[in-house]
Amino acid sequence: MKIITYLMATLPKKNNFEDFVKIFLPNDFLEKEVLKALDYFKKITLKKNEFLVNENEICTHFCFVENGILQHAINIEGEERTTYLALKNTVTSSLNSFLHKVPSRKSIKAIVDSSLWVIHLEDFNYLLQHNKAFHQFYFHLIEKQICLIDDYRIDLLTLTPEERYKKLLVNEPKLLQEVPLHYLASFLGISTRHMSRIRKNIL
């Protein structure tokens, strides 16, 4: 069952989310528009193992991870497979489900206590149409994510498990520090036992 604790609060004007949005904007002339957009987000908390969305349910939130880690996972013949890990200062959603109001093909749960800033679809669409800063932010965000997904798929086909782990070590050291081993192994397409051997050999 999905359990979400709402904290009804106004988004602070200076925070990590504001800084994150501005990374994707070419200049600061849209700062007032950024602040207007952030006012549409509300803060929620997820306890460890609570779900943002369950598989086969409709995802109702697009969110920024202020603190914590969210695991995207699918179930294959009774085995949970991690497809993505959303860390602090990233945005995430089951996007196809969120945008088109269709059942999600994956679940998203907190693997540690997490704080999120979330927005519902109606407000999300309003900002895309009426807030230039949010529109630019979303366009550049999706552009970046498409490139990352493309690289990830190519890596799965062309790199050995050891090479994938070493690349993660260089590009995403926070994952190795903050995420439990079995989640990382699933994310990289490696068994937990093989992952342990790889880490021992590299260390």
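Biologist: Leaving aside neighbours within four places in sequence, with which residues is Lys 174 in contact?

Modeller: The model is predicted: local features need pLDDT of at least 70 and side-chain atom pairs count only at pLDDT 80 or more, while totals for chains, interfaces and linings use all residues. Residues are numbered from 1 along each chain as its sequence is written, and side-chain values use heavy atoms, with hydrogens and water left out. Contact means heavy atoms within 4.5 Å. With neighbours within four places in sequence set aside, the partners of Lys 174 are Leu 87, Lys 88 and Val 179.

Biologist: Is Lys 174 buried, partly exposed or exposed?

Modeller: Lys 174 lies in helix α7, residues 173-178; helices (H or I, at least four residues) and strands (E, at least two) are DSSP runs, numbered from the N terminus. Buried means under 20% relative accessible area, exposed over 50%, and partly exposed in between, with a 1.4 Å probe and protein chains only. Because its relative accessibility is 37%, Lys 174 is classed as partly exposed.

Biologist: How many helices and strands does the protein chain have, and what is its radius of gyration?

Modeller: The protein chain has nine helices and nine strands. The radius of gyration is taken over C-alpha atoms, and the globule rule is 2.2 Å times the number of residues to the power 0.38. For 203 residues, a compact globule would have a value near 17 Å, which agrees with that of the protein chain, 18 Å.

Biologist: What percentage of contacts between residues at least 6 apart in sequence join residues at least 24 apart?

Modeller: Buried residues account for 41% of the 203 residues in the protein chain. Among its contacts between residues at least 6 apart in sequence, the share joining residues at least 24 apart is 70%.

Biologist: Is Ser 104 buried or exposed?

Modeller: Ser 104 lies in the loop between α3 (95-100) and β8 (107-110). Not counting residues up to four places away in sequence, Ser 104 touches Val 53, Asn 54, Glu 55, Asn 56, Glu 57, Ser 94 and Ser 97. Because its relative accessible area is 1%, Ser 104 is buried.

Biologist: What is phi of Asn 49?

Modeller: Most residues other than glycine have a negative phi. Asn 49 lies in the loop between β2 (42-46) and β3 (51-53), and its relative accessible area of 40% makes it partly exposed. Its phi is positive, near 75 degrees.

Biologist: What is phi of Asn 89?

Modeller: Asn 89 is placed in the loop between β6 (79-86) and β7 (90-92). With 28% relative accessibility, Asn 89 counts as partly exposed. This residue, other than glycine, has a positive phi, near 65 degrees.
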